[in-house]
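Please look over the sequence and the model before reading on. The paragraphs below go from the whole chain down to single side chains.

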Amino acid sequence: MESISRDFYELKFEISFLKKTSQEFEDFFSEIMEKRHKGGDFIRVRPWGNTGDRKNDGYLKSQRRLFQVYAPNEMTAADALKKINEDYHGAIPHWEKYFDHWEFVHNSRRGLSPQVLELILELDEHHESISVDHFGYESLRTKFFELAEEDIISLVGRAPTSNSFNGLGFADFKTLLGHMVVTGLPDSTDLRPVPENKLEINEFSELIESLIRFGLKKTQVVRGFFNKWPDVNYGDLVTNSINEEYLRLKEEGIHQDLIFQRLREYVIGGLVITPEIDAASLVLLAYFFEECDIFERERS
């Protein structure tokens, strides 16, 4: 697997992990586990009739692990603690002879609250033959990247390769920008030179920095696209629209990595995501980053 494809799969996994809520996240977890532990070793459990799922969202037979899946960011702290207690104690009467490990699966990227951690540690001490632990971002990410590439593709779609970037041309950017509603020319342009350490100034994660660095190698294709466009002002119109969206996202106070991801979603709009669209959207944002139309040129 090429490094650029690996980076895109990292990004696609992270987006799926963060954006899926409730049943969507449970299905995402189960699909990864089923593909990683084939032959019926991992068993997805769904509610059935009036018996529900008997406090079991999934079972890994070879390791005697029972999983209960949560989206704790959607709950209050009190609700999360109540549900964990109910699910753990509710599972024991039905499944005690079948499991030695109870796993709290969650999609909280920022970590667990101290109340939830304390409860997990208490439950771990509650029953000497049953261990209790949490299963979060890094645990699921490890499972995801243990999959064969065809299984990864079936989960998040195909990632671009270096050939996807090498083949970019006028038609790709015409398709990408065809849906965008431009908002007018900018009032002024900052003509100061772009700082050499702009990537470091913006404090991106290694993943986002790696993607931008790769995109920067191809920005001459975007420059050529705008030079060939019949309307000489079109580049400035697109610049202004993307910069306005950047400033709107910045006001939300979210991390630069998330702004980058949200800007990519803005650029892609309702298009079907293909490797070529993924590649074109990255190169386009790298171009505007290089031109200093988006993201910061000095530390705040």
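Predicted model: local features only at pLDDT ≥ 70, side-chain atom pairs only at ≥ 80, totals over all residues.

Residues are numbered from 1 along each chain as its sequence is written, and side-chain values use heavy atoms, with hydrogens and water left out.

The protein has 14 helices and 5 strands; these are DSSP runs numbered from the N terminus, helices being H or I with at least four residues and strands E with at least two. Its C-alpha trace spans about 70 × 40 × 35 Å along the principal axes. The accessible surface is about 15,600 Å², and carbon and sulfur atoms hold 48% of that; areas come from the Shrake-Rupley method with a 1.4 Å probe, and for residues only the protein chains shown count as cover. Of the 300 residues, 45% count as buried, where buried means under 20% relative accessible area, exposed over 50%, and partly exposed in between (1.4 Å probe, protein chains only). Among contacts (heavy atoms within 4.5 Å) with a separation of 6 or more, 74% are between residues 24 or more positions apart.

The largest nonpolar core has 66 residues, and F226 and L284 have the most contacts inside it. Such a core is a set of buried Ala, Val, Leu, Ile, Met, Phe, Trp, Tyr and Cys residues joined through side-chain atoms within 4.5 Å. Helix 14 (residues 275–290) supplies the largest share of this core, 10 residues. A second, separate core has 17 residues, including Y70, A80, Y88 and L119.

How is helix 14 placed, and what is its span? Of its 16 residues, 14 are buried, so helix 14 is largely enclosed by the rest of the structure. At 1.5 Å a residue, helix 14 should span 22 Å, and its end C-alpha atoms are 22 Å apart, which agrees. The expected span is 1.5 Å times one less than the number of residues.

I212, in helix 10 (residues 206–216), counts as buried because its relative accessibility is 2%. Neighbours within four places in sequence aside, I212 is in contact with L199, F204, F260, L282, A286 and F289. One of these, F289, has K198 over its face, at 4.1 Å from the ring centre. A charge sits over a ring if NZ of Lys or CZ of Arg is within 6 Å of the ring centre and within 35 degrees of the ring normal.

R6 makes a contact of this kind, with its charged end over the ring of F145, 3.7 Å from the centre. F145 is one of the buried residues of helix 5 (residues 137–145), along with Y137, L140, K143 and F144. The buried residues of helix 5 pack against helix 1 (3–19), helix 2 (23–36), strand 5 (131–135) and helix 6 (149–156).

The structure holds 28 aromatic pairs. Rings of Phe, Tyr and Trp (its six-membered ring) pair if their centres lie within 6.5 Å; planes under 30 degrees apart count as stacked, over 60 as edge-to-face and the rest as tilted. F226 and Y287 have ring centres 5.9 Å apart and planes at 40°, so the pair is tilted. The pair links distant parts of the chain, with F226 in helix 11 (residues 219–228) and Y287 in helix 14, 61 residues apart. F226 is buried, at a relative accessible area of 11%. Ring pairs join F226 and Y287 into a cluster with F170, F173, F225, W229, Y234 and F288.
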